[in-house]
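The following exercises are to be worked with the sequence and the 3D view at hand. Each task is followed by a solution in steps.

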Amino acid sequence: MKKSIGISPNIETLFGTRDENVRVLEDGLNVTIDLRSNAIELEGAARDVVRAEQVFADYESLQRSGYSFNNGDLNSMLRVLTADPTATLRGLADAGRQRSLGRRMVQPKSVNQRRYVEAIESHDMVFGVGPAGTGKTYLAVAMAISALLAKRVNRIILARPAVEAGERLGFLPGTLQDKIDPYLRPLYDALYDMLDPEKVDRYLEKNVIEIAPIAFMRGRTLNDSFVILDEAQNTTSEQMKMFVTRLGFNSKAVITGDITQIDLPNARRSGLLEAIDILKRVEGLTFVHFDEADVVRHHLVQRIIRAYDEHKTLVAEQQMLLVAGGKSNESPAGKSAEPKSPQGTTDRSTAAAE
């Protein structure tokens, strides 16, 4: 099917730098887009052409209404749109506008990020599990700030286990707070990225935003709060159970973690791994799993994560082959399967002759 649509003012901005946005649409929707002097020609299956035409119509409508796309948001929206048949450009833009934080707009950059954000909106407890750089913590903090500014909650509580990745807290200089702060720094970074520094400092001073190690959660009931547990893979079973039972009335909890980066001693099982097994059938909460395709950091991060996953798979396969090879060289009794002489010794000459 071929279709021509009119050229609207500033439509070239939809095409992106070196037509990168058009390539996303062409690859994702299986259509060909050709810009002529007086029209844009679309070619492909009827259903795909209709979707592509809708993208151009939505873009024109959003521009007329004064909507502006920032920091690669349009490219990210188009990637989500092409991966999710139910998504539209206007729908994604309106959803991001609803979650605007003033300085920033919360705009998912992949299908799983979109599911994650929607899960946080519709569930009281959400687990975000996946590798580094997939936006688990950043989006959770953004949704917490959005809820706070909209007065849906009265405070935000951000918690992390203070587990050392090769270091020891006791060797750090300063007071207990000085020792703990480096482990909580990523949470501070996310806050300062989304809000004015003065507002963050004021919220922290008044305990409207509280950042603390998970050990400080024991014995508390958290009402009217948005609670985030970051780096949950480093919680123990006891800590995880304690945290998920802190949830009070009119509260939300988001638990994030990367099960490939567990820093607990070998003898302790990750509380996140246990929670995935125990809570997967509990009604009212949900799990969102990310992979390397959701990484929104430098493009090298995706390749690095993929390389580690492939190496892990290769090592596991080699270990299985070694185990299988060892078993094949043993008799059912676990001893050598070579022929034995009447005296019970191995008859190597007979075996060789055979």
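**Exercise 1.** Determine whether E118 is buried, partly exposed or exposed, and describe the salt bridges around E118.

*Solution.* The model is a predicted one. Step 1: E118 has a relative accessible area of 33%. Buried requires under 20% and exposed over 50%, so E118 is partly exposed. Step 2: the same cut-off places R114, at 18%, among the buried residues. Step 3: the side chains of R114 and E118 meet in a salt bridge, with 3.1 Å from N to O.

**Exercise 2.** Describe the salt bridge between E60 and R64, and state how accessible each partner is.

*Solution.* Step 1: side chains of opposite charge can pair when their charged atoms come close. Step 2: for E60 and R64 the N to O distance is 3.2 Å. Step 3: both belong to helix 3 and are 4 residues apart, about one turn of the helix. Step 4: E60 counts as partly exposed, because its relative accessibility is 30%, while R64 reaches 62% and therefore counts as exposed.

**Exercise 3.** Which parts of the chain does the salt bridge of K3 with E53 tie together?

*Solution.* Step 1: the closest N and O atoms of K3 and E53 are 3.1 Å apart. Step 2: K3 lies in strand 1 and E53 in helix 3, so the pair ties together parts that are 50 residues apart in sequence. Step 3: K3 has 31% relative accessibility and so counts as partly exposed; E53, with 24%, also counts as partly exposed. Step 4: the structure holds 9 salt bridges.

**Exercise 4.** Give the strand order of the open sheet formed by 3 strands, and name its edge strands.

*Solution.* Step 1: the order is 1-3-2, with antiparallel pairing. Step 2: strand 1 (2–5) and strand 2 (31–35) are the edge strands, each pairing on one side only. Step 3: from one strand to the next, the twist averages 20°. Step 4: helix 3 (residues 46–64) packs on this sheet and touches strand 1, strand 2 and strand 3; the direction of helix 3 makes about 150° with that of strand 3. Step 5: strand 2 is joined to strand 3 (residues 40–44) by 5 bridges, and D34 has E41 in strand 3 as its bridge partner.

**Exercise 5.** How many residues of strand 7 are buried, and which strands are joined to strand 7 by bridges?

*Solution.* Step 1: strand 7 (residues 225–229) is mostly covered, with 5 of its 5 residues buried. Step 2: in a regular strand the side chains alternate between the two faces of the sheet. Here S225, V227 and L229 point one way, and F226 and I228 the other way. Step 3: strand 5 (residues 155–160) runs parallel to strand 7 and is joined to strand 7 by 5 bridges; L158 has I228 as its bridge partner. Step 4: strand 8 (residues 252–257) is also parallel to strand 7, with 4 bridges, and F226 stands opposite K252.

Technical notes:
Residues are numbered from 1 along each chain as its sequence is written. This is a predicted model: local features need pLDDT of at least 70, side-chain atom pairs count only at pLDDT 80 or more; totals for chains, interfaces and linings use all residues. Side-chain values use heavy atoms; hydrogens and water are left out. Two strands pair if DSSP finds at least two bridges between them. Helices (H or I, at least four residues) and strands (E, at least two) are DSSP runs, numbered from the N terminus. Axes are lines fitted to C-alpha atoms, for helices over the stretch in contact, and angles run from 0 to 180 degrees between N-to-C directions. Contact means heavy atoms within 4.5 Å. A salt bridge is a side-chain nitrogen of Lys or Arg within 4 Å of a carboxyl oxygen of Asp or Glu. Buried means under 20% relative accessible area, exposed over 50%, partly exposed in between (1.4 Å probe, protein chains only).
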